Amino acid sequence: MSLTRRGFLKAAGAAAAVTTAAGGAASYGTWLKPSKALAQGTGEKTAYTFHQWHCGGNCSLKCTVRDGRMVQVEPNNWPGEKKFNTICLKGISEVQHIYGDTRIQTPLKRVGERGSGQFVSISWDEAFDECAKQIKAVQDKYGEQAILFDTCLEPRTGFAFIADFLKGQIQDEDIEGVDVGIGNGMDPALGRYDNQEMLATCSVADWVHSNTILMLGTNLPESGLVYNRWFFDAKEAGAKMWTIDPHYTTAACKSDEWMPIQPGTDAALLLGMISLVIENKWYDEDFMLNYTSFPFLIDKATGLLERDTQTKDAPEEGSGATNPFKVWDDGVKNYTDSSHPQLEFENDKYITVFSQLKKNAAAYTLDWTAKKTHLDPDKITQMTDEFANNQPSVLAMGWGGPDKWYNADVVGHAAVTLAGLCGITDKQGGGLGGYNQWQVTYGCEFGEWPEPDDWGTADGTEGNFERRDDDAGVHGYVALGDSLLMHYADTNKTREWVNMLDFVLAVDIYHTFTCDWADIVLPASSKFELNEDIGSVKTARDYVELQQKVIDPLFESKPDYEIEYGLAKAMGCADALPKTRRELDEVMLDSDDPALAGITVDSLIANNGLQRLNVPEEWATSYQDHDFTTPSGRMELYYDWLADDDQQLPAYEDPNEAYEGNPLMEKYPLQLTQARSKFFIHDQFVDAKWIQQFYVATLELNPKDAEDRGLKNDDIVRAYNDRGEFKCKVRLNNAIRPGSSRIYEGQWAKYMEEGPVQNLTNDNRNKRSIWLNAAPVAPFNDTLVQVEKA
Amino acid sequence: MTKLGMVIDLSRCVGCHTCANACKMSNNVPMGMLWNRVLTDGDEVLDGAQGTYPNLTRTYVPLACQHCENPACQKVCPTGATYKDDKGRVEIDYDKCIGCRFCMAACPYNARVFNWSEPDHDPDFQTGFKDVPIRPRGVMEKCSLCKERCDADPENEPMCVVCCPSSARIYGDLDDPDSEISKIVKQSNAYTLLEGKGTRPQVYYHD
């Protein structure tokens with residue numbers, strides 16, 4: 001145990017003992033007992049917990065508590081890997097943030113109109129009973145599926161059962177609507193049909209083995225701050241880094257080369273690179289023949305892969321064994337029976353996938369690519385040459401840029417096709433995907449708490465916009481976090497929809513946008529606050545991390561598990577739940593998985609909340625053994641199921657709104673990007689005073705665009721289009737591409753003159769995406785606006 | 001002798017301000033003040049760029065007290081409140097500071113911050129290392145190289161060094177030729193800021 005024996009505990013009880021008048025928001029200064037009054041209990045203790053999972057940083061924190069207050073957080077000591085001893089400005093800002101004036105202090109009940117922000121404080125018993133009553137009323141009237149459970153927040157690791165006992169539809173950001181744009185096109189080629197959001201096929205730690213690294217619309221040195229140690233090690237080891245981004249980001253200024261691309265044309269660049277690789281024969285023929293679907297035959301009449309039974313159905317792992325693909329090897333043969341399949345072949349009836357790709361590539365000449373992307377053709381050629389011929393190579397992509405466009409799936413499909421041509425995935429230091437997490441791990445199987453048979457989520461409509469805009473039968477909405485802000489474009493439509501719902505419940509730590517639209521608001525505790533000695537367990541970086549109590553719950557907030565348990569109790573099903581979080585953690589760690597052998601709650605506590613899984617010492621990798629979970633076991637680049645959309649191979653389409661030549665540009669000439677930054681995790685930390693020292697909502701424009709509009713720094717501007725408007729300060733920045741505008745994602749309306757930004761974002765959904773892994777991505781960045789002085 | 005200092009690798013600095021907040025936390029620095037700031041070179045505001053799109057450059061420069069060997073601030077201090085300590089750091093004896101601000105004017109690095117009014121702390125309790133002295137209104141303050149933390153345990157390093165996500169900062173004894181900092185200063189063509197001022201900073205930078 002690392003705790004000091006000095007008398008800390010008395011001081012720590014201060015918060016819970018105090019109550020407030022209904023509706024009265026006390027500052028923490030008056031809420032907590034003054035520290036001087038606690039002289040008899042004065043002492044320091046050290047406590048260990050984990051911070052955010054949401055950024056992928058997975059920091060484990062060593063926290064200092066004095067007089068019941070969290071006075072310091074610093075990196076915990078990861079046994080075996082010092083570089084994991086990480087923290088960033090967001091973690092540090094918690095020292096202020098958790099005590100901040102945006103904390104929800106008590107359960108709230110709405111008294112004004114939805115959206116008016118008028119609430120009264122109620123007791124937890126009242127709140128739980130009201131929630132149970134309302135949820136039951138919705139489900140009695142419309143059926144269980146009429147409740148939509150939506151999550152967008154840090155408390156998620158603390159909630160284990162709520163989706164299952166609510167029995168409604170679930171909208172989990174991991175599977176629908178956001179962060180799925182590129183993955184929709186990339187993941188199927190690898191056999192990830194469960195949608196893995198283009199998670200990278202290797203880890204940033206592998207980059208030290210890379211020779212060429214392309215960062216396409218990803219600002220990793222900002223959005224993955226704690227992975228910078230590996231990023232710079234790779235750079236210093238000699239990797240040549242290219243950043244492709246419309247704006248001069250931190251990634252761009254730390255790269256050897258910056259490619260200032262026209263927004264929304266990333267797929268054009270990748271298709272142009274594919275053409276160059278084919279034209280110059282820079283492809284890896286051995287990899288293509290043995291590990292990809294490039295030699296497979298397409299039936300020209302149907303546009304489908306030739307098999308015993310052709311199909312447009314969703315692909316199934318291993319189905320190639322019973323319904324084999326065909327190749328040309330002195331005639332048509334099953335791919336498994338051919339020793340010398342032809343990569344290039346065409347007759348009247350058949351053409352190989354590669355030959356078809358080659359034909360398609362003729363349209364994507366270097367001139368065409370340069371014109372679409374506004375990039376220097378010589379640089380495109382040089383970058384492609386290095387990517388193909390100076391391997392190991394990485395193609396890193398971001399969730400905050402090209403992912404949030406109407407046809408982002410073409411970017412993903414083109415990226416994985418390029419990767420398949422060049423054979424990058426089977427080399428150490430080679431890979432593709434999103435790298436803002438410690439991606440590839442051995443992982444472990446936690447033990448499972450047995451749930452009643454009739455628990456589980458209901459079938460429902462997929463996709464957040466379908467649920468909002470179509471008649472999807474949603475009548476009640478349960479939100480963990482600010483999902484209404486983060487998951488939905490075009491806020492006016494969201495408002496209309498929410499107003500039609502019978503019941504809205506929001507659970508959050510801070511009073512976010514979604515809370516204002518809720519009927520009941522439940523205050524969750526931050527990661528640092530528990531009544532029990534421990535909270536959740538999770539795995540990250542192949543370690544088990546344990547959440548431990550740092551301080552008592554602040555104000556009247558409750559830790560995640562207590563909220564979940566309280567709701568279950570009010571709904572009459574708490575008997576099926578563990579009584580305490582520890583009870584659940586013990587079951588999770590009591591697993592047959594040898595990776596968890598010897599790891600218990602007590603051993604985790606003894607090891608300051610961190611233990612490495614029993615897995616090999618070297619970092620895990622994926623696909624280096626060509627173990628694709630596709631029908632054929634190969635990387636499959638031809639998508640039969642998109643035949644009706646002519647996207648079996650990636651084909652260029654202009655974006656939905658923000659593209660050159662769109663007549664709408666005459667009215668709304670500026671593309672709007674909601675970029676990710678070092679300051680925030682989506683909308684989290686926007687309210688942290690220590691972050692606000694450096695940034696408050698600001699629309700950034702190139703000085704030329706600002707000058708054209710008579711704008712100077714700090715002017716209040718109005719950004720608008722037919723969907724709506726927002727107002728905030730403007731900032732002139734050379735780093736912004738002329739013709740574009742940028743604001744950091746997740747800005748709260750209360751820190752703007754008028755908001756939120758989603759008032760005017762594009763909510764058109766790509767119908768094709770419904771056939772892919774996940775529902776259509778919200779095309780937040782595929783948005784045109786005009787800006788004027790407010 | 002000991003001569004504590006720091007070397008900062010600007011090629012690794014991403015301007016994230018983690019060092020600024022780590023310092024703020026550890027030293028209980030009031031709102032509206034920072035001992036340690038990250039500037040965007042040549043730009044009045046943060047995260048700008050030099051040049052005209054797309055021919056741009058950007059360099060982040062973390063800036064705090066340079067712990068000069070020949071400190072301009074110390075020379076002008078009328079009370080001896082600013083002093084060089086036995087480990088080569090420039091420190092302030094807050095009890096002796098009369099708030100004349102001569103040092104603030106003298107420091108060519110603009111590294112010092114002054115408590116013009118009652119310090120505004122948010123949160124309103126003391127954060128950070130317990131032995132860091134409280135500074136009242138009318139007193140000058142600045143980076144101490146986390147004096148109290150580092151003196152309490154020789155294993156401790158300043159909080160900005162501990163927390164830097166890029167491992168851009170190395171702290172140590174410049175008088176010890178075998179220390180990591182001495183080696184890096186030697187090998188990396190490290191330089192100091194405003195060398196012409198003759199202040200001989202103990203904070204080095206390299207690209």
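1. Two strands are taken to pair if DSSP finds at least two bridges between them. Helices (H or I, at least four residues) and strands (E, at least two) are DSSP runs, numbered from the N terminus. The model is predicted: local features need pLDDT of at least 70, side-chain atom pairs count only at pLDDT 80 or more, and totals for chains, interfaces and linings use all residues. Residues are numbered from 1 along each chain as its sequence is written, while chains are lettered from A and ligands numbered from 1 in the order in which they are written.

2. E16(A) and strand E17 (residues 431-433) of chain A pair in the parallel sense over three bridges. Within E17(A), A:Gly433 is the bridge partner of A:Ala396. Helix H15 (residues 408-422) of chain A carries the chain from E16(A) to E17(A) in a right-handed β-α-β crossover (with the strands pointing away from the viewer, the path from the first strand over the helix to the second runs clockwise).

3. Strand E8 (residues 212-216) of chain A also pairs with E16(A) in the parallel sense, over five bridges. Here A:Leu216 stands opposite A:Met397.

4. Five of the five residues of E16(A) (residues 393-397) are buried (20 or more other C-beta atoms within 10 Å of the residue's own, C-beta atoms being placed from the backbone). A:Ser393, A:Leu395 and A:Met397 cover one side, and A:Val394 and A:Ala396 the other.

5. The contact between the chains takes 42 residues from chain A and 35 residues from chain B (C-beta atoms, placed from the backbone, within 7 Å). Among the elements giving two or more residues to the side of chain A that touches chain B are helix H3 (89-97) and helix H8 (228-236).

Definitions and conventions
Contact = placed C-beta atoms within 7 Å. Buried ≥ 20, exposed ≤ 12 C-beta atoms within 10 Å, placed from the backbone.
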